[in-house]
Amino acid sequence: MELKSLEDTRKFSENISKIINGGDIIFLYGEIGVGKTTFVRNVINCLENKNKIKKSEVLSPTFNIVYDYNVGNLKILHYDLYRVKNYKDISELGMFETYRDHIKIVEWPELIKQKPKNRIDILFKYSKLIESRKINIIGYGKWKKHKFNEI
């Protein structure tokens with residue numbers, strides 16, 4: 001799938017926000033600046049808009065490692081593991097605790113050894129066009145048969 005503009009990214013994020021629920025996990029892969037945090041910002045803002053909540057300023061949690069957002073009955077945990085150096089540090093974050101009212105979105109999940117069975121992986125890549133990004137979406141577990149290309 002190709003996102004040719006920020007508007008395409010916003011629409012894609014909005015469509016993802018319509019299908020995710022508490023307990024869901026999204027892993028985001030891609031180089032620095034490719035649009036992972038922009039995607040997260042749009043997902044959170046779409047859910048806030050749906051719940052008639054003032055839009056949050058969604059920042060990259062690179063230095064804090066995690067930010068949380070209360071969106072109606074849901075909590076969204078936005079992780080950025082870029083600065084994390086080893087798996088032990090990840091396990092101490094409590095990422096693997098299961099909460100049905102939480103959505104976890106994780107940038108830079110490469111260090112996670114045992115990935116959750118039910119998750120969505122989104123790989124962002126730069127395209128040859130300046131504003132364009134190519135994305136590849138893979139669903140695992142309950143998401144395996146989902147037709148993401150129809151989003």
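Visitor: Which residues lie nearest the centre of the second largest pocket?
Guide: I32, G33, K36, T37 and E107 do, out of 13 residues that line the second largest pocket. Bear in mind that this is a predicted model, where local features need pLDDT of at least 70, side-chain atom pairs count only at pLDDT 80 or more, and totals for chains, interfaces and linings use all residues. Residues are numbered from 1 along each chain as its sequence is written, and side-chain values use heavy atoms, with hydrogens and water left out.

Visitor: What makes a space a pocket, and what makes it a cavity?
Guide: Both are found on a 1 Å grid over the protein atoms alone: in a cavity a 1.4 Å probe fits but cannot get out, while a pocket is an open set of points with protein on both sides within 12 Å along at least five of seven lines. A residue counts as lining if it has an atom within 4 Å of a point. For volumes, points are joined across faces, edges and corners, and the space filled by probe spheres set on them is taken. The second largest pocket comes to about 180 Å³ that way, and the largest pocket to about 220 Å³.

Visitor: Which elements give two or more residues to the lining of the largest pocket?
Guide: Those are α1 (6-19) and α2 (36-50), with α2 giving the largest share, 6 residues. Helices here are DSSP runs of H or I with at least four residues, and strands are runs of E with at least two, numbered from the N terminus. Among the lining residues are R10, E14, N42, N45 and K55.

Visitor: How do the residues of that lining divide by class?
Guide: The largest pocket has 2 nonpolar, 4 polar and 5 charged lining residues. Ala, Val, Leu, Ile, Met, Phe, Trp, Tyr, Cys and Pro are nonpolar, Asp, Glu, Lys and Arg are charged, and the others, Gly among them, are polar. On that scheme the largest cavity has 7 nonpolar residues, no polar ones and 1 charged in its lining.

Visitor: Which residues line the largest cavity?
Guide: I25, F27, M95, F96, K104, V106, I112 and P116 line the largest cavity, whose volume is about 40 Å³. The structure holds 1 cavity of 30 Å³ or more.

Visitor: Why is F27 called buried?
Guide: Buried means under 20% relative accessible area, exposed over 50%, and partly exposed in between (1.4 Å probe, protein chains only). F27, in strand β2, has 1%, so F27 is buried.

Visitor: And why does W108 count as buried?
Guide: The relative accessible area of W108 is 19%, which is under the 20% limit, so the label holds. W108 sits in the loop between β5 and β6 and has a positive phi near 60° without being a glycine.

Visitor: Why is K52 called exposed?
Guide: K52 has 78% relative accessibility, and the cut-off is over 50%, so K52 is exposed. You'll find K52 in the loop between α2 and β3, with a positive phi of about 55° although K52 is not a glycine.

Visitor: Which residues touch the most other members of the largest nonpolar core?
Guide: I26, F39 and I122 do, in a core of 26 residues. Such a core is a set of buried Ala, Val, Leu, Ile, Met, Phe, Trp, Tyr and Cys residues joined through side-chain atoms within 4.5 Å. The largest share of this core, 5 residues, comes from α2.

Visitor: How do you know that β3 and β4 pair, and how many bridges join them?
Guide: Two strands pair if DSSP finds at least two bridges between them. Strands β3 (residues 66-71) and β4 (residues 74-80) run antiparallel with 6 bridges, so they pair. D68 has L77 in β4 as its bridge partner. Strands β2 and β6 run parallel with 4 bridges, and L28 has I122 in β6 as its partner.

Visitor: What makes β1 and β3 edge strands?
Guide: The open sheet has 7 strands in the order β1-β7-β6-β2-β5-β4-β3, with mixed pairing. β1 (2-3) and β3 each pair on one side only.

Visitor: Which helix has the lowest mean pLDDT among the elements?
Guide: Helix α3 (residues 87-91), with 73, whereas strand β2 (residues 25-29) has the highest, 97. pLDDT is the predictor's confidence in each residue, from 0 to 100. The chain averages 88, and 98% of the residues score at least 70. Where pLDDT is low, the predicted coordinates should not be read in detail.
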